[in-house]
Amino acid sequence: MDTRMKHLYQELIIDHNKNPRNFRVMEEFSHESVGNNPLCGDKMILYLKINDENIIEDISFIGDGCAISKASSSMMTTAIKGKSIAQARALFKDFHDMSTGKLDIAEHPHQLGKLAIFAGVRDLPARVKCATLAWHTLDAALKGEQEITTE
Ligand code: ZN
């Protein structure tokens with residue numbers, strides 16, 4: 001990671017951890033899933049409200065975990081809100097490939113925007129699960145699975 005990316009990473013992690021976006025229980029949701037990362041102790045419940053046109057109208061989460069999992073969850077919700085299911089799945093794939101080192105975002109086009117700050121976690125295997133928990137929980141919710149664990 002270059003210095004500019006490192007600063008942006010630290011800033012965004014601190015900001016989203018202190019003030020997570022879409023951090024609330026949703027009363028009327030269409031999809032819900034519980035995500036667990038026992039390795040670190042990260043837990044979340046993700047709520048989605050998907051309309052008839054397959055657009056994710058609303059998304060929120062609650063839970064507790066480390067700064068990376070919380071910031072990643074918060075940033076995931078802001079990236080996904082208003083997107084179609086197909087767009088959300090495409091983002092999940094790019095994020096997953098980036099964090100596991102399959103996608104080199106410096107060389108290949110991607111749609112990740114600010115989410116690209118998590119590229120550095122691929123060098124920190126224990127942190128990959130923290131950064132991807134929210135995305136695996138999203139994937140599970142879209143598949144109608146009630147619960148996922150990173151183990
Ligand atoms: Zn964690």
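A residue is termed buried under 20% relative accessible area, exposed over 50% and partly exposed in between, with a 1.4 Å probe and protein chains only. The structure is a predicted model, in which local features need pLDDT of at least 70 and side-chain atom pairs count only at pLDDT 80 or more, whereas totals for chains, interfaces and linings use all residues. Residues are numbered from 1 along each chain as its sequence is written, and side-chain values use heavy atoms, with hydrogens and water left out. Helices (H or I, at least four residues) and strands (E, at least two) are DSSP runs, numbered from the N terminus.

Most residues other than glycine have a negative phi. Asn 22 is not a glycine, yet has a positive phi of about 55°. Asn 22 sits in the loop between α1 and β1 (31-37) and counts as buried because its relative accessibility is 16%. Asn 54, likewise not a glycine, has a positive phi of about 65°. The loop between β2 and β3 holds Asn 54, which is partly exposed at a relative accessible area of 43%.

Thr 77, in helix α2, is buried with a relative accessible area of 0%. Beyond its neighbours within four places in sequence, Thr 77 is in contact with Arg 21, Asn 22, Ile 59 and Phe 61. Ser 84 belongs to the loop between α2 (67-80) and α3 (85-99) and is buried, with a relative accessible area of 17%. With neighbours within four places in sequence again set aside, the contacts of Ser 84 are Asn 54, Ile 55 and Ile 56. The C-alpha atom of Ser 84 is 8.1 Å from that of Glu 53, and the two residues are 31 apart along the chain.

The metal site was considered next. Donors are N, O and S atoms within 2.8 Å of the metal (3.2 Å for Na, K and Ca), and sites may look incomplete because water is not among the atoms. The zinc ion is coordinated at 2.2 to 2.7 Å by Cys 40 (SG), Asp 42 (OD), Asp 42 (OD), Cys 66 (SG) and Cys 130 (SG). Along the chain these donors follow the spacing C-x1-D-x23-C-x63-C. Asp 42 is in strand β2 (residues 42-50) and Cys 130 in helix α4 (residues 125-143), so this pair ties together parts that lie 88 residues apart in sequence. Asp 42 and Cys 130 are both buried.

Helix α1 (residues 3-18) has 16 residues, which should span 22 Å at 1.5 Å a residue; the end C-alpha atoms are 23 Å apart, in agreement. The expected span is 1.5 Å times one less than the number of residues. Met 5, Tyr 9, Leu 12, Ile 13 and His 16 are the buried residues of α1. They cover an arc of only 100° around the axis, which puts them on the same side of α1; the arc is that of the directions from the helix axis to the C-beta atoms. Thr 3, Arg 4, Glu 11, Ile 14 and Lys 18 are exposed on the other side of α1. The cover over the buried residues of α1 includes α2.

A nonpolar core is a set of buried Ala, Val, Leu, Ile, Met, Phe, Trp, Tyr and Cys residues joined through side-chain atoms within 4.5 Å. The largest such core has 44 residues, of which Leu 48, Ile 80, Phe 118, Trp 135 and Leu 138 touch the most other members. At least two residues of this core come from each of α1, β2, β3 (56-64), α2, α3 and α4, with the largest share, ten residues, supplied by α4. Outside four places in sequence, the contacts of Leu 48 include Met 26, Phe 29, Ile 56, Ile 59 and Leu 138.

Aromatic rings of Phe, Tyr and Trp (its six-membered ring) pair if their centres lie within 6.5 Å; planes under 30 degrees apart count as stacked, over 60 as edge-to-face and the rest as tilted. Five aromatic pairs were found in the whole structure. Tyr 9 and Phe 118 form an edge-to-face pair, at 6.2 Å centre to centre and 85° between the planes. This pair links helix α1, which holds Tyr 9, to the loop between α3 and α4, which holds Phe 118, across 109 residues. Phe 95 and Phe 118 have ring centres 5.7 Å apart and planes at 65°, so this pair is edge-to-face. Phe 95 and Phe 118 are both buried. Ring pairs join Tyr 9, Phe 95, Phe 118 and Trp 135 in a cluster.

Notes: Contact = heavy atoms within 4.5 Å.
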